[in-house]
Amino acid sequence: MLWLAIVIFIALAIAILRGGRLVNLGDIELRAWWLLFMALGLQFATRFIPDDGTAWVGVAMVLLSFALLMIMVVLNRSKPGMWIVGLGVLMNFVVIAVNGGMPVLAGAAEVASGFTVADPDLSGTFKHVPLDATSHLTFFADVIPLRFAGIGEVISLGDILLALGLGVFLEHELRRPRRYFKRGAQAEPGSATRP
């Protein structure tokens, strides 16, 4: 998503301007980091589920992907910004679970499209549903239009918190003092330790 890429870029730029180092990206340690790729894989796989009355399978896969993200966040809760990420993921999970998909406000989609799309086409997606009178927790739904460089998106408050938490996390990681010795690295004893 473009907005998330922009947030990450801004966080990296701010960290570098404040003395951070890009080399620290290679030293980031996250527990169960592979859950992130499993979650993304599940969401991508929903594109191949036929839309023939099996919508519940797609929604279940989306919810499972958010659950995996929550597990990863909990395992890394001591990292700066992770509780903000977790709050954003939890908000999106609850809204999707209650509504059978993330409700999207048609008016926000119209603004995000540059007033070229009056009614968003949500066919072929199990993650999003139209926001209407039957929708619940609409304050946390996709109701915030964004448009940048001719590309528009509609995001939720949970998305904003997720991006903010990632920004805090990346900014902290880049400004950490450089680690000269890798955790768990095996070193040859120096001459001073030899008999």
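**Architecture and packing in the predicted model**

Val 154 is buried, at a relative accessible area of 17%; here buried means under 20% relative accessible area, exposed means over 50%, and partly exposed lies in between (1.4 Å probe, protein chains only). The structure is a predicted model, in which local features need pLDDT of at least 70 and side-chain atom pairs count only at pLDDT 80 or more, while totals for chains, interfaces and linings use all residues. Residues are numbered from 1 along each chain as its sequence is written, and side-chain values use heavy atoms, with hydrogens and water left out.

Val 154 belongs to strand S4; helices (H or I, at least four residues) and strands (E, at least two) are DSSP runs, numbered from the N terminus. Setting aside neighbours within four places in sequence, Val 154 is in contact (heavy atoms within 4.5 Å) with Val 104, Ala 108, Ala 109, Ala 112, Asp 142, Val 143, Ile 144 and Pro 145.

Strand S4 (residues 151–155) runs antiparallel to strand S3 (residues 144–148), and 5 bridges join the two; strands are taken to pair if DSSP finds at least two bridges between them. Within this pairing, Glu 153 of S4 is the bridge partner of Leu 146. The hairpin has 2 residues between its strands, and Ala 149 takes a positive phi there, near 55°.

The protein holds 6 helices and 4 strands, arranged from the N terminus as α-α-α-α-β-α-β-β-β-α. Of the 195 residues, 36% are buried. Among contacts with a separation of 6 or more, 72% join residues 24 or more positions apart.

Turning to the helices, H2 (residues 34–45) packs with H3 (residues 55–75) at an angle of about 170°, and the axes lie 8 Å apart. Axes are lines fitted to C-alpha atoms, for helices over the stretch in contact, and angles between N-to-C directions run from 0 to 180 degrees. The angle therefore makes H2 roughly antiparallel to H3, a label used for angles over 145 degrees, whereas those under 35 count as roughly parallel, 65 to 115 as roughly perpendicular and the rest as oblique. On the H2 side the contact is formed by Leu 35, Leu 36, Met 38, Ala 39, Leu 42, Gln 43 and Ala 45, and on the H3 side by Met 61, Leu 64, Ser 65, Phe 66, Leu 68, Leu 69, Ile 71 and Met 72. These residues comprise 13 nonpolar, 2 polar and no charged; Ala, Val, Leu, Ile, Met, Phe, Trp, Tyr, Cys and Pro count as nonpolar, Asp, Glu, Lys and Arg as charged, and the others, Gly among them, as polar.

The loop between H2 and H3 includes Thr 46, which is buried at a relative accessible area of 9%. Beyond neighbours within four places in sequence, Thr 46 is in contact with Gly 58, Met 61, Val 62 and Phe 126.

The largest nonpolar core has 27 residues, and Val 89 and Ile 96 have the most contacts inside it. Such a core is a set of buried Ala, Val, Leu, Ile, Met, Phe, Trp, Tyr and Cys residues joined through side-chain atoms within 4.5 Å. Two or more residues of this core come from each of H2, H3, helix H4 (82–99) and helix H6 (157–174), with H3 giving the largest share, 9 residues. Another core, of 5 residues, lies apart from it and includes Val 104, Ala 108, Ala 109 and Ala 112.

Leu 131, in the loop between strand S2 (128–130) and S3, is partly exposed at 24% relative accessible area. Its contacts, apart from neighbours within four places in sequence, are Pro 103, Val 104, Leu 105, Thr 138, Ala 141 and Val 143. Leu 105 is 26 residues from Leu 131 in sequence, with a C-alpha to C-alpha distance of 5.1 Å. Leu 137 also lies in the loop between S2 and S3; Leu 137 is partly exposed at 39% relative accessibility and has a positive phi near 50°.
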